[in-house]
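Dear colleague,

I am passing on the structure below, together with some notes on what turned up when I went through it. Please read them alongside the coordinates.

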Protein chains: 2
Amino acid sequence: MRDENIIPHDHAIKLDDRVKLGGHLPKLIWFTGLSGSGKSTLAGAFEVELYKLGYRTYILDGDNVRSGLNQDLTFSEKDRTENIRRIAEVSKLFVDAGIVVLTAFISPFAEDRKQARDLVGSKNFAEIFVDCPLEVCEARDVKGLYKKARAGEIPNFTGISSPFEEPIDPDVHVKTHEESLEESLSKLKSIILPKLAPSFPPGRV
Amino acid sequence: MRDENIIPHDHAIKLDDRVKLGGHLPKLIWFTGLSGSGKSTLAGAFEVELYKLGYRTYILDGDNVRSGLNQDLTFSEKDRTENIRRIAEVSKLFVDAGIVVLTAFISPFAEDRKQARDLVGSKNFAEIFVDCPLEVCEARDVKGLYKKARAGEIPNFTGISSPFEEPIDPDVHVKTHEESLEESLSKLKSIILPKLAPSFPPGRV
């Protein structure tokens, strides 16, 4: 609720202090792609790289969000939008905490992704298009979900009974059906890592 | 939604790795008390102490939660419970990220606070009762809210038109009308800091 009765309390520790402590900028790294495209795998592998650098990270994905914060939501289009809204809001809190947060959700609607970007601010946002043709994802069907979706057991399943709106100008575009995990990871590192370097050396804030 | 179609993805970086990186345990430090009792002030001051130790922290309060994630919620009893549920769920994510998260919400209902404790697990939870008599909070009325509540302009206002269920066995009990901020802070430090020390030295995971 946006409410005139909520009066801001100005806390002493600011984002700049957290950046100083962590030695890196925060970022919302938003992986989008079909089920089975490799979002979680890639996010997990990139998190390992960031961890090796001593960066503070966290992955938001269906496992920890759908079963907790968003357990009251269905997979209707309205609730999927609310799902993404809450993920974006939680990501904003993590970014404000100085964390590099990686989100791995199908997030098929361009408008929802734009809202996430707007919420945390463009400079704090990077869209990663984990591109893989539907046929390949469906052939992989690592979770058996496409089979269920084809059988009509899962309504509003992206790629089958609900659209996926491809990113037009993603910050990173990986093609998991053509590239190895190492190649995709290399793209991510070369584009994202420079954006995480603070403009001041540690201890200088 | 708890859904059989959500298949967990086992990420490589675990909480133990984050503890190793941060050098401290995560914790949900839950400040509860009347409006004007001093929750935010105390949480903010304690965060400074934690920051000086190099600990990763974050404060969740009305400013960053009610205006963002929970902007769809009213102040009805039902929505206030949902407000606290979401705060607890977000806190759980922060705890899983290795952060010491400090929450500063009135959180007047014992059952809601118990649910927060249950959600993150007792060992990760500390309840801080920021105790201050209603008369004192109302006399302070730093935000002018009690005046509005007495005038009937704010419904369900804790202490006036909605109950505050005092914690029976809080981890820390501070009395802001009797103690100085330094005294309250000293209590917090002596009880909470030992609980944040990892059971293994840094670099040993």
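Is Leu21(A) buried, partly exposed or exposed? Please bear in mind throughout that this is a predicted model. With a relative accessible area of 26%, Leu21(A) is partly exposed, since buried would require under 20% and exposed over 50%. Leu21(A) belongs to helix 1 (residues 15–22) of chain A, and, once its neighbours within four places in sequence are set aside, its contacts are with Tyr51(B), Gly54(B), Tyr55(B) and Arg56(B). Within its own chain, Leu21(A) lies 9.0 Å from Gly98(A), C-alpha to C-alpha, although 77 residues separate the two in sequence.

Turning to the sheet, five strands of chain A form an open arrangement in the order 2-3-1-4-5, with parallel pairing. Strand 2 and strand 5 (172–175) of chain A are the edge strands, each pairing on one side only, and the twist from one strand to the next averages 20°.

Strand 2 (residues 57–61) of chain A is largely enclosed by the rest of the structure, because five of its five residues are buried. Thr57(A), Ile59(A) and Asp61(A) point one way from this strand, while Tyr58(A) and Leu60(A) point the other way.

Phe94(A), leaving out residues up to four places away in sequence, touches Tyr58(A), Leu60(A), Ile99(A) and Val101(A), and from chain B Leu93(B), Phe94(B) and Ala97(B).

Finally, helix 3 (residues 62–69) and helix 4 (residues 77–96) of chain A pack with their axes 12 Å apart and at an angle of about 110°, which makes the two helices roughly perpendicular. The contact between them brings Val65(A), Arg66(A) and Leu69(A) of helix 3 against Arg80(A), Asn83(A), Arg86(A), Ile87(A) and Val90(A) of helix 4, and by class it has four nonpolar, one polar and three charged residues.

With best wishes

Technical notes: Residues are numbered from 1 along each chain as its sequence is written. Chains are lettered from A and ligands numbered from 1 in the order in which they are written. This is a predicted model: local features need pLDDT of at least 70, side-chain atom pairs count only at pLDDT 80 or more; totals for chains, interfaces and linings use all residues. Side-chain values use heavy atoms; hydrogens and water are left out. Axes are lines fitted to C-alpha atoms, for helices over the stretch in contact, and angles run from 0 to 180 degrees between N-to-C directions. Helices (H or I, at least four residues) and strands (E, at least two) are DSSP runs, numbered from the N terminus. Angles under 35 degrees count as roughly parallel, over 145 as roughly antiparallel, 65 to 115 as roughly perpendicular and the rest as oblique. Contact means heavy atoms within 4.5 Å. Ala, Val, Leu, Ile, Met, Phe, Trp, Tyr, Cys and Pro count as nonpolar, Asp, Glu, Lys and Arg as charged, and the others, Gly among them, as polar. Buried means under 20% relative accessible area, exposed over 50%, partly exposed in between (1.4 Å probe, protein chains only). Two strands pair if DSSP finds at least two bridges between them.
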